[in-house]
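Student: I have a model open and want to read its features. Where do I begin?
Tutor: With the model itself.

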Amino acid sequence: MAPEPEHAVRAAAIAWHIRLKSERTDDWDAFMDWLSQDPTHSDAYDAVALADAELDPVLAEWTPPLVAANDAGEERSWYRRRTVLGGLGAVAATVLVGLVAGPALLRTDRFEIATRPGEHRIIELDGRDRIALNGSTRITLDKSNPRFASLRQGEATFTLVHDPKRPFTLELGDDRVQDVGTIFNVVRTADGQTVEVAEGAVVYNPQREAIAVAAGQSLTDRAGESRVILTRKDPSSIGSWRRGRLIYVGTPLSVVGSDLSRNLGVPVTVAPSISGQPFSGTIQIGPDQARTLNRLGEVLGQAVSRRDMGWMIGPRDRAVR
(Lines give C-alpha, C1' and ligand atoms only; values in the text may rest on other atoms or scores of the structure.)
Protein backbone atom coordinates (compact mmCIF):
# COMPACT_ATOMS: atom_id res chain seq x y z
CA MET A 1 0.00 0.00 0.00
CA ALA A 2 1.35 3.42 -0.97
CA PRO A 3 2.06 5.76 1.97
CA GLU A 4 -0.45 8.53 2.58
CA PRO A 5 0.57 12.00 1.44
CA GLU A 6 1.92 14.09 4.29
CA HIS A 7 -0.66 16.83 3.76
CA ALA A 8 -3.49 14.29 3.98
CA VAL A 9 -2.21 12.87 7.27
CA ARG A 10 -1.81 16.35 8.73
CA ALA A 11 -5.31 17.35 7.61
CA ALA A 12 -6.74 14.25 9.27
CA ALA A 13 -4.79 14.99 12.47
CA ILE A 14 -6.21 18.52 12.58
CA ALA A 15 -9.72 17.17 12.06
CA TRP A 16 -9.27 14.65 14.88
CA HIS A 17 -7.91 17.30 17.25
CA ILE A 18 -11.00 19.45 16.65
CA ARG A 19 -13.36 16.49 17.07
CA LEU A 20 -11.74 15.35 20.32
CA LYS A 21 -12.30 18.77 21.87
CA SER A 22 -16.03 18.59 21.13
CA GLU A 23 -18.71 16.79 23.10
CA ARG A 24 -18.72 13.81 20.70
CA THR A 25 -17.49 11.08 23.04
CA ASP A 26 -18.41 8.39 20.53
CA ASP A 27 -15.35 9.45 18.47
CA TRP A 28 -12.74 7.98 20.85
CA ASP A 29 -12.81 4.43 19.49
CA ALA A 30 -12.53 5.60 15.89
CA PHE A 31 -9.70 7.92 16.86
CA MET A 32 -7.68 5.09 18.44
CA ASP A 33 -8.25 2.98 15.30
CA TRP A 34 -6.88 5.83 13.18
CA LEU A 35 -3.81 6.21 15.44
CA SER A 36 -3.01 2.50 15.20
CA GLN A 37 -3.14 2.43 11.39
CA ASP A 38 0.27 4.09 10.89
CA PRO A 39 2.99 5.56 13.16
CA THR A 40 2.87 8.77 11.12
CA HIS A 41 -0.66 9.37 12.40
CA SER A 42 0.53 9.60 16.02
CA ASP A 43 3.42 11.89 15.06
CA ALA A 44 1.11 14.16 13.08
CA TYR A 45 -1.44 14.35 15.89
CA ASP A 46 1.28 15.24 18.43
CA ALA A 47 2.53 18.00 16.14
CA VAL A 48 -0.97 19.44 15.77
CA ALA A 49 -1.58 19.36 19.52
CA LEU A 50 1.71 21.15 20.12
CA ALA A 51 0.98 23.80 17.50
CA ASP A 52 -2.53 24.38 18.82
CA ALA A 53 -1.14 26.41 21.72
CA GLU A 54 0.02 29.05 19.23
CA LEU A 55 -3.16 29.36 17.17
CA ASP A 56 -4.65 32.28 19.07
CA PRO A 57 -2.36 35.36 19.29
CA VAL A 58 -4.30 36.63 22.29
CA LEU A 59 -2.96 33.72 24.36
CA ALA A 60 0.57 35.08 23.98
CA GLU A 61 -0.21 37.49 26.85
CA TRP A 62 -0.96 34.64 29.20
CA THR A 63 1.33 31.76 28.19
CA PRO A 64 5.11 31.45 27.61
CA PRO A 65 6.54 30.42 24.20
CA LEU A 66 5.96 26.83 23.16
CA VAL A 67 8.79 24.35 23.76
CA ALA A 68 9.16 21.71 21.06
CA ALA A 69 9.72 17.99 21.59
CA ASN A 70 13.26 16.84 22.21
CA ASP A 71 15.39 15.30 19.46
CA ALA A 72 14.86 11.73 20.59
CA GLY A 73 11.12 12.07 20.33
CA GLU A 74 10.70 10.36 23.70
CA GLU A 75 9.34 13.43 25.47
CA ARG A 76 6.80 15.98 24.30
CA SER A 77 5.27 18.96 26.05
CA TRP A 78 2.06 20.90 25.71
CA TYR A 79 1.30 24.33 27.16
CA ARG A 80 -2.09 24.80 28.72
CA ARG A 81 -4.61 27.04 27.06
CA ARG A 82 -6.11 28.78 30.07
CA THR A 83 -7.02 32.45 29.95
CA VAL A 84 -8.19 34.98 32.49
CA LEU A 85 -11.32 35.54 30.40
CA GLY A 86 -12.17 31.85 30.54
CA GLY A 87 -11.72 31.86 34.31
CA LEU A 88 -14.13 34.77 34.68
CA GLY A 89 -16.65 32.93 32.53
CA ALA A 90 -16.45 29.90 34.81
CA VAL A 91 -17.00 32.07 37.90
CA ALA A 92 -20.01 33.75 36.28
CA ALA A 93 -21.48 30.37 35.34
CA THR A 94 -21.05 29.12 38.91
CA VAL A 95 -22.83 32.13 40.34
CA LEU A 96 -25.69 31.77 37.82
CA VAL A 97 -26.16 28.08 38.63
CA GLY A 98 -26.17 28.88 42.32
CA LEU A 99 -28.92 31.48 41.87
CA VAL A 100 -31.07 29.18 39.74
CA ALA A 101 -30.54 25.85 41.47
CA GLY A 102 -30.49 27.11 45.04
CA PRO A 103 -30.78 24.40 47.72
CA ALA A 104 -30.72 21.62 45.09
CA LEU A 105 -26.91 21.94 44.93
CA LEU A 106 -26.69 21.03 48.60
CA ARG A 107 -27.93 17.48 47.89
CA THR A 108 -25.21 15.09 46.87
CA ASP A 109 -24.67 11.38 46.44
CA ARG A 110 -20.90 11.69 46.59
CA PHE A 111 -18.88 9.96 49.28
CA GLU A 112 -15.18 9.50 50.05
CA ILE A 113 -13.13 6.35 50.55
CA ALA A 114 -9.70 6.62 52.18
CA THR A 115 -6.96 4.06 52.77
CA ARG A 116 -4.44 4.04 55.58
CA PRO A 117 -0.68 4.08 54.84
CA GLY A 118 0.26 0.61 53.61
CA GLU A 119 -3.36 -0.46 53.05
CA HIS A 120 -4.54 -1.70 49.65
CA ARG A 121 -8.22 -1.82 48.69
CA ILE A 122 -10.26 -2.88 45.64
CA ILE A 123 -13.47 -1.06 44.69
CA GLU A 124 -16.00 -2.56 42.27
CA LEU A 125 -18.18 -0.10 40.32
CA ASP A 126 -21.46 -1.12 38.71
CA GLY A 127 -20.28 -4.72 38.40
CA ARG A 128 -17.79 -4.02 35.60
CA ASP A 129 -15.22 -1.37 36.54
CA ARG A 130 -12.53 -1.76 39.18
CA ILE A 131 -10.36 0.69 41.09
CA ALA A 132 -7.35 -0.51 43.10
CA LEU A 133 -6.32 1.93 45.83
CA ASN A 134 -2.78 2.13 47.19
CA GLY A 135 -1.98 3.31 50.70
CA SER A 136 -2.58 6.92 51.83
CA THR A 137 -5.17 7.45 49.10
CA ARG A 138 -8.41 9.44 49.12
CA ILE A 139 -10.98 9.10 46.35
CA THR A 140 -14.51 10.48 45.96
CA LEU A 141 -17.22 8.42 44.23
CA ASP A 142 -20.84 9.11 43.31
CA LYS A 143 -23.67 6.71 44.16
CA SER A 144 -25.80 8.08 41.32
CA ASN A 145 -22.97 8.05 38.74
CA PRO A 146 -20.68 5.00 38.74
CA ARG A 147 -18.81 6.48 35.74
CA PHE A 148 -17.23 9.23 37.86
CA ALA A 149 -14.42 9.42 40.39
CA SER A 150 -12.32 12.19 41.90
CA LEU A 151 -8.84 11.33 43.14
CA ARG A 152 -7.95 13.71 45.93
CA GLN A 153 -4.54 12.28 46.78
CA GLY A 154 -2.51 9.08 46.57
CA GLU A 155 -2.37 6.37 43.92
CA ALA A 156 -4.97 4.26 42.14
CA THR A 157 -5.13 1.86 39.20
CA PHE A 158 -8.30 1.95 37.09
CA THR A 159 -9.51 -1.05 35.05
CA LEU A 160 -12.44 0.19 32.98
CA VAL A 161 -14.85 -1.08 30.34
CA HIS A 162 -15.26 1.59 27.68
CA ASP A 163 -18.77 2.81 26.95
CA PRO A 164 -18.84 5.53 24.25
CA LYS A 165 -22.27 6.64 25.45
CA ARG A 166 -21.16 6.93 29.08
CA PRO A 167 -17.39 7.53 29.21
CA PHE A 168 -15.70 7.21 32.59
CA THR A 169 -14.36 10.54 33.84
CA LEU A 170 -11.69 10.90 36.51
CA GLU A 171 -11.44 14.31 38.16
CA LEU A 172 -8.02 15.54 39.30
CA GLY A 173 -8.73 18.96 40.75
CA ASP A 174 -9.23 21.24 37.74
CA ASP A 175 -8.09 18.51 35.32
CA ARG A 176 -9.94 15.57 33.80
CA VAL A 177 -9.02 12.12 32.46
CA GLN A 178 -11.45 10.34 30.13
CA ASP A 179 -11.06 6.64 29.33
CA VAL A 180 -11.05 4.92 25.96
CA GLY A 181 -11.29 1.32 27.19
CA THR A 182 -8.38 1.31 29.53
CA ILE A 183 -6.13 0.19 32.35
CA PHE A 184 -4.28 3.18 33.74
CA ASN A 185 -2.52 4.25 36.93
CA VAL A 186 -2.67 7.71 38.51
CA VAL A 187 -0.50 9.23 41.23
CA ARG A 188 -1.60 12.55 42.72
CA THR A 189 0.45 14.49 45.27
CA ALA A 190 0.92 18.12 46.28
CA ASP A 191 3.63 18.34 43.58
CA GLY A 192 1.28 17.37 40.73
CA GLN A 193 -0.02 14.24 39.06
CA THR A 194 1.10 11.45 36.75
CA VAL A 195 -1.15 9.39 34.47
CA GLU A 196 0.32 6.15 33.06
CA VAL A 197 -1.55 3.91 30.60
CA ALA A 198 -0.98 0.14 30.61
CA GLU A 199 -3.70 -0.80 28.11
CA GLY A 200 -5.95 1.15 25.76
CA ALA A 201 -5.83 4.93 26.03
CA VAL A 202 -7.11 7.98 27.88
CA VAL A 203 -7.65 11.58 26.87
CA TYR A 204 -6.29 14.21 29.25
CA ASN A 205 -8.46 17.32 29.54
CA PRO A 206 -10.71 16.43 26.57
CA GLN A 207 -12.32 19.87 26.52
CA ARG A 208 -9.00 21.76 26.61
CA GLU A 209 -5.68 20.30 25.41
CA ALA A 210 -7.27 16.95 24.44
CA ILE A 211 -3.99 15.05 24.84
CA ALA A 212 -4.27 11.38 23.85
CA VAL A 213 -2.21 9.12 26.14
CA ALA A 214 -1.85 5.61 24.71
CA ALA A 215 -0.58 2.34 26.19
CA GLY A 216 3.07 2.62 27.15
CA GLN A 217 2.92 6.38 27.70
CA SER A 218 3.16 8.45 30.87
CA LEU A 219 1.86 12.00 31.27
CA THR A 220 3.23 14.22 34.04
CA ASP A 221 1.52 17.46 35.06
CA ARG A 222 3.54 19.24 37.75
CA ALA A 223 1.92 21.81 40.00
CA GLY A 224 2.83 25.38 39.14
CA GLU A 225 4.12 24.55 35.65
CA SER A 226 2.38 25.62 32.46
CA ARG A 227 3.20 22.49 30.45
CA VAL A 228 2.57 18.78 30.70
CA ILE A 229 5.18 16.18 29.71
CA LEU A 230 4.50 12.98 27.77
CA THR A 231 7.12 10.19 27.90
CA ARG A 232 7.44 6.46 27.17
CA LYS A 233 7.10 3.74 29.80
CA ASP A 234 7.06 -0.06 29.75
CA PRO A 235 3.37 -1.03 30.07
CA SER A 236 4.24 -4.04 32.24
CA SER A 237 5.68 -1.75 34.91
CA ILE A 238 2.55 0.42 35.19
CA GLY A 239 0.56 -0.32 38.35
CA SER A 240 3.10 -2.97 39.38
CA TRP A 241 2.62 -1.94 43.04
CA ARG A 242 -0.47 -4.19 43.00
CA ARG A 243 1.88 -7.17 42.53
CA GLY A 244 4.25 -6.05 45.29
CA ARG A 245 6.86 -4.61 42.94
CA LEU A 246 8.00 -1.05 42.24
CA ILE A 247 9.77 -0.70 38.89
CA TYR A 248 11.81 2.37 37.96
CA VAL A 249 13.87 3.73 35.09
CA GLY A 250 15.79 6.90 35.88
CA THR A 251 13.33 7.95 38.60
CA PRO A 252 14.42 10.51 41.24
CA LEU A 253 14.91 8.99 44.68
CA SER A 254 12.46 11.52 46.11
CA VAL A 255 9.70 9.83 44.08
CA VAL A 256 10.92 6.38 45.14
CA GLY A 257 10.69 7.49 48.77
CA SER A 258 7.09 8.66 48.32
CA ASP A 259 6.15 5.37 46.65
CA LEU A 260 7.73 3.36 49.46
CA SER A 261 5.85 5.42 52.05
CA ARG A 262 2.49 4.59 50.44
CA ASN A 263 3.28 0.90 50.08
CA LEU A 264 5.08 0.22 53.38
CA GLY A 265 2.77 2.31 55.53
CA VAL A 266 5.56 4.30 57.19
CA PRO A 267 7.34 7.53 56.17
CA VAL A 268 10.43 6.93 54.03
CA THR A 269 12.47 10.13 53.77
CA VAL A 270 15.31 10.70 51.31
CA ALA A 271 18.08 13.11 52.28
CA PRO A 272 17.96 16.33 50.20
CA SER A 273 21.54 15.80 49.02
CA ILE A 274 20.53 12.64 47.09
CA SER A 275 16.79 13.26 46.48
CA GLY A 276 17.36 14.05 42.81
CA GLN A 277 19.61 11.05 42.18
CA PRO A 278 18.05 8.81 39.47
CA PHE A 279 17.30 5.18 40.28
CA SER A 280 16.69 2.30 37.88
CA GLY A 281 15.70 -1.12 39.14
CA THR A 282 12.97 -3.17 40.82
CA ILE A 283 12.08 -3.05 44.51
CA GLN A 284 10.29 -6.11 45.87
CA ILE A 285 7.91 -5.06 48.65
CA GLY A 286 7.83 -7.60 51.47
CA PRO A 287 6.44 -7.76 55.02
CA ASP A 288 9.90 -7.08 56.48
CA GLN A 289 10.40 -3.32 56.08
CA ALA A 290 13.99 -3.37 57.33
CA ARG A 291 14.98 -6.06 54.84
CA THR A 292 13.32 -4.26 51.93
CA LEU A 293 14.98 -0.93 52.72
CA ASN A 294 18.39 -2.35 53.60
CA ARG A 295 18.50 -4.16 50.24
CA LEU A 296 17.71 -0.87 48.53
CA GLY A 297 20.44 0.87 50.52
CA GLU A 298 22.98 -1.72 49.40
CA VAL A 299 22.04 -1.23 45.75
CA LEU A 300 22.21 2.55 46.08
CA GLY A 301 25.39 2.56 48.14
CA GLN A 302 23.57 4.67 50.71
CA ALA A 303 22.79 4.28 54.39
CA VAL A 304 19.32 3.30 55.61
CA SER A 305 18.43 4.08 59.20
CA ARG A 306 15.41 4.46 61.43
CA ARG A 307 14.23 8.03 61.89
CA ASP A 308 11.36 8.89 64.25
CA MET A 309 8.46 6.63 63.18
CA GLY A 310 9.89 5.87 59.75
CA TRP A 311 13.09 5.47 57.75
CA MET A 312 15.79 7.70 56.30
CA ILE A 313 17.87 7.03 53.18
CA GLY A 314 21.00 9.14 53.01
CA PRO A 315 24.79 9.24 52.68
CA ARG A 316 26.58 6.65 54.79
CA ASP A 317 28.53 9.20 56.83
CA ARG A 318 25.24 10.69 58.05
CA ALA A 319 23.56 7.49 59.13
CA VAL A 320 21.67 7.57 62.42
CA ARG A 321 22.10 4.37 64.40
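Student: What percentage of the 321 residues in the chain are buried residues?
Tutor: Remember that this model is predicted. Buried means under 20% relative accessible area. Here, buried residues make up 44% of the chain. The chain exposes about 16900 Å², and carbon and sulfur atoms supply 54% of that area.

Student: How many helices and strands does the chain have?
Tutor: Six helices and 19 strands. Look at the contacts too. Of those with a separation of 6 or more, 48% join residues 24 or more positions apart.

Student: What is the volume of the largest pocket?
Tutor: Rolling a probe the size of a water molecule over the atoms shows where empty space is left. In this model, the largest pocket has a volume of about 1100 Å³. It is lined by 40 residues, and T194, E196, T220, T251 and V255 are the closest to its centre.

Student: Which element gives the largest share of that lining?
Tutor: β15, with eight residues. Other elements that each supply at least two include β9 (183–189), β10 (192–199) and α5 (253–264). By type, the lining divides into eleven nonpolar, 17 polar and twelve charged residues.

Student: What pLDDT does the chain average?
Tutor: pLDDT is the predictor's confidence in each residue, from 0 to 100. The chain averages 78, and 76% of the residues score at least 70. Over residues 56–73 the pLDDT is below 50, and this stretch has 24 contacts beyond near neighbours in sequence. Residues 81–107 also stay under 50, with 16 contacts beyond four places in sequence.

Notes: Residues numbered from 1 in each chain as written. Predicted model: local features only at pLDDT ≥ 70, side-chain atom pairs only at ≥ 80, totals over all residues. Heavy atoms only, no water. 1 Å grid on protein atoms, 1.4 Å probe; cavity = no way out; pocket = protein on both sides within 12 Å on 5 of 7 lines; lining within 4 Å. Points joined across faces, edges and corners; volume = space filled by probe spheres on them. Helix = DSSP H or I, 4+ residues; strand = E, 2+ residues; numbered from the N terminus. Nonpolar A, V, L, I, M, F, W, Y, C, P; charged D, E, K, R; others polar. Buried < 20%, exposed > 50% of the residue type's maximum accessible area, 1.4 Å probe, protein only. Contact = heavy atoms within 4.5 Å. Areas by Shrake-Rupley, 256 points an atom, 1.4 Å probe, with all protein chains shown as cover.
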